[in-house]
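Here are some notes for a colleague who is opening this structure for the first time. Please read them with the sequence and the structure side by side.

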Amino acid sequence: MIDISNWKEFKLSKIIPDIHNAKAYNNSDLMDSDTDDYVLYITRTDSKNGVSRYIANEEYEGLEEANAITIGDTTATIYFQDRPFIAGPHIIILRAPWFNKYTGLFLVSILNMEKDKYPIFGRSFSKDLIRNTKVFLPADKNGNPDYNYMEEYMKSLNADVTTIPDYFLNEGYDKACWYMDNIDEGKFEKEYASKKINNKIDLSDREWKDFKLGDKHIFDIQRGDSVYIKNMNEGDIPYVSTTRENNGITTYVSESNREGNLITLAYDGSIGACFYQSNPFFASEKIVTIDLVQHELNEYIAMFLIPIIQLESKMYAYGGRKWTVEQQLKETKIKLPVNEKNRPDFEFMEKYIKSLPYSVNLKM
């Protein structure tokens with residue numbers, strides 16, 4: 001347990017010299033990035049570290065450098081940003097020379113204890129209130145904030161995090177801490193890891209054959225909709241585009257055009273960016289959705305198919321080559337294991353993925 005006997009109260013304005021309002025960019029004025037060269041767009045969202053979109057990297061007047069804490073003043077959403085970004089409305093920036101990813105995350109955890117005082121869209125966590133907020137921090141022998149202690153403490157947690165299974169990390173800070181405090185690693189490995197199928201499953205157990213993505217008896221391929229994002233309202237429905245980041249999601253909108261349980265594939269921009277979407281989402285232009293015709297798709301089959309599709313897409317991902325839907329994409333051949341009828345053996349694909357350690361984590 002952390003020792004707080006030497007902690008003291010500090011006013012934020014005394015230890016953070018730069019507290020300012022970020023230049024506000026409207027969501028409708030921005031263009032998504034179709035490449036891996038992008039800038040983060042930080043808003044008041046309460047998930048994904050405040051990242052709402054990945055936008056085209058341009059010379060933004062209000063570009064904020066890395067090593068900053070962002071606070072949504074009406075939502076009290078607080079995050080540390082370790083790469084350059086621009087911000088939406090109502091974002092306050094905190095900067096100090098002693099910030100790095102360790103000390104920054106330490107302070108974020110302390111500030112999050114203050115958020116209950118500022119309910120969402122209730123009392124605003126304004127710039128003045130932030131400046132006057134007092135927080136308890138570890139102090140050195142001179143009575144100043146002990147930044148070295150903060151950094152070393154966070155580094156010690158970082159070392160422990162490497163032993164935490166992805167399931168608990170993905171479920172958030174509380175679950176990760178619970179794991180560290182309560183779980184016996186050996187017991188967890190034995191009981192939580194998925195039970196391997198008794199008969200060893202090997203990829204060489206089946207014959208493999210080529211199939212076209214455009215084979216209408218196997219795959220149902222549909223284009224996304226050409227709707228400008230600036231004409232859509234913000235919401236909580238994933239907007240899937242051509243980015244390779246964040247499972248293809250660049251922002252969240254108020255309407256969906258797909259029910260989920262589909263594979264998405266970018267045929268322009270970041271060609272070959274391929275993901276499984278379990279929930280309803282909006283499929284944008286320059287991506288297609290892939291479903292199975294004679295077999296129900298699920299997360300296990302999708303995880304088998306996605307790396308194979310990505311492998312075949314690499315020839316179009318570089319050098320400016322186009323991957324048109326009707327000509328190149330649908331004519332693309334992928335090798336799949338087959339059954340006794342020489343058709344894709346989707347049951348085998350599912351069993352193979354389930355046989356892998358921690359495949360239970362795939363269950364959406």
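This is a predicted model: local features need pLDDT of at least 70, side-chain atom pairs count only at pLDDT 80 or more; totals for chains, interfaces and linings use all residues.

1. Glutamate 64 sits in the loop between strand E4 (51–56) and strand E5 (68–72), while arginine 95 belongs to strand E8 (residues 91–95), so the pair ties together parts that are 31 residues apart in sequence. Both glutamate 64 and arginine 95 are buried.

2. The count of salt bridges comes to nine, and another of them joins lysine 155 to glutamate 151, with 3.1 Å between the closest N and O atoms. Lysine 155 is partly exposed, at a relative accessible area of 32%, whereas glutamate 151, at 19%, is buried.

3. A further salt bridge brings together glutamate 331 and lysine 212, at 2.8 Å from N to O. This pair links distant parts of the chain, since glutamate 331 is in helix H9 (residues 325–331) and lysine 212 in strand E10 (residues 208–212), 119 residues apart.

4. Four strands form an open, antiparallel sheet in the order E11-E17-E14-E15, with strand E11 (219–223) and strand E15 (274–277) at the edges. Five bridges join E11 to strand E17 (residues 287–292), and isoleucine 221 stands opposite isoleucine 290 in E17.

5. As to confidence, the mean pLDDT of the protein is 81, and 79% of its residues reach 70 or more. Over residues 167–173, however, the pLDDT is below 50, and it stays under 50 over residues 358–362.

Notes:
Residues are numbered from 1 along each chain as its sequence is written. Side-chain values use heavy atoms; hydrogens and water are left out. pLDDT is the predictor's confidence in each residue, from 0 to 100. Contact means heavy atoms within 4.5 Å. Two strands pair if DSSP finds at least two bridges between them. Helices (H or I, at least four residues) and strands (E, at least two) are DSSP runs, numbered from the N terminus. A salt bridge is a side-chain nitrogen of Lys or Arg within 4 Å of a carboxyl oxygen of Asp or Glu. Buried means under 20% relative accessible area, exposed over 50%, partly exposed in between (1.4 Å probe, protein chains only).
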